[in-house]
Amino acid sequence: AMFKMKAQWLRFAPRDGMQVLVRGRLTLYEPRGDYQLVLEHMEEAGEGALRRAFEALKAKLEAEGLFSANRKRPLPRFVRRLGVLTSPSGAVIRDIQSVLARRWPLLEVELLPVPVQGATAAPAILQTLRAAYAAQRHDVLLIARGGGSLEDLWCFNDEALLRAIAEAPMPVVSAVGHEVDFTLADFVADLRAPTPSAAAELLVPDREEMQQRLTHLHTTLQRRLAQTLERARQRADHAALRLQAERPQRRLERGRDRAAALKPRLEAALGRRLQARLSLLR
């Protein structure tokens, strides 16, 4: 009866099979000699408690603007060196390397090994992130792991780690879990990929598509160069025709003929003036 009186204070509706943490006191019902457990506090345990903590931290960080689209940085068009924070064992790193090698072999991929589950994971990822920030070797950092339960992925909801991701000097991509899995790292990162393999596809272009584009650009450049040369050739031919029509050589020849005709007249005039001066001197 005591429990039923205080049930209105609960923040959730208890159900059969639900894991709960309770606090209470043991009493004795003297008339019958029965023991009673009077519950004074009850809260969800396991998945329910994690979900409530998830929502509380999400609301806190969202209010601070850590999820804002305005603070997210675009990825560089061509990533030269990628740092991948994930477990060195397992399929995730192999899947990422396979996709990247097929799509864009020019990319340099560096594995930054970290645990991705358990109590030590968040501090280890945080330490590796800070080391990568200080090294400034990478254009982009990718945080990745496979799918799992909310508890399995809980290290990616660590507040200190989330704040470090928000302060990254380079873009950070989160690829944690499968399409239906969400962690707070997905909201803080500059880009969220639904899976690690999808992240690899988002980070680099496809080399076959790029080869086709380069071939198209090469063909376009050749065509435009040919058009430019043809226009220049046409202008040269037009200028040659104009030059031929005006016949500058003929004009020069007429000028020489006229100069030759004027020369004896000039010499005669100079001779007469000279004779006139000599006559005055006598």
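**Core packing and strand pairing in the predicted model**

Leu85 touches Leu112, Val114, Ile125, Thr128, Leu129, Leu141, Leu142, Ile143 and Ala144, residues up to four places away in sequence being left out, where contact denotes heavy atoms within 4.5 Å. Apart from the core described next lies another one, of 21 residues, which includes Val79, Ile96, Ala175 and Ala200. The largest nonpolar core has 34 residues, and those with the most contacts inside it are Leu85, Ile125, Leu129, Leu141, Ile143, Phe156 and Ile165; a nonpolar core is a set of buried Ala, Val, Leu, Ile, Met, Phe, Trp, Tyr and Cys residues joined through side-chain atoms within 4.5 Å, and buried means under 20% relative accessible area (1.4 Å probe, protein chains only). The model is predicted, so that local features need pLDDT of at least 70 and side-chain atom pairs count only at pLDDT 80 or more, whereas totals for chains, interfaces and linings use all residues. Residues are numbered from 1 along each chain as its sequence is written, and side-chain values use heavy atoms, without hydrogens and water.

β5 and β6 pair in the parallel sense over five bridges, a pair requiring at least two DSSP bridges between the strands, and Ala144 stands opposite Ala175 in β6. β6 also pairs in the parallel sense with strand β7 (residues 191–192), over two bridges, and Arg192 in β7 is the bridge partner of Ser174.

Technical notes
Buried < 20%, exposed > 50% of the residue type's maximum accessible area, 1.4 Å probe, protein only. Helix = DSSP H or I, 4+ residues; strand = E, 2+ residues; numbered from the N terminus.
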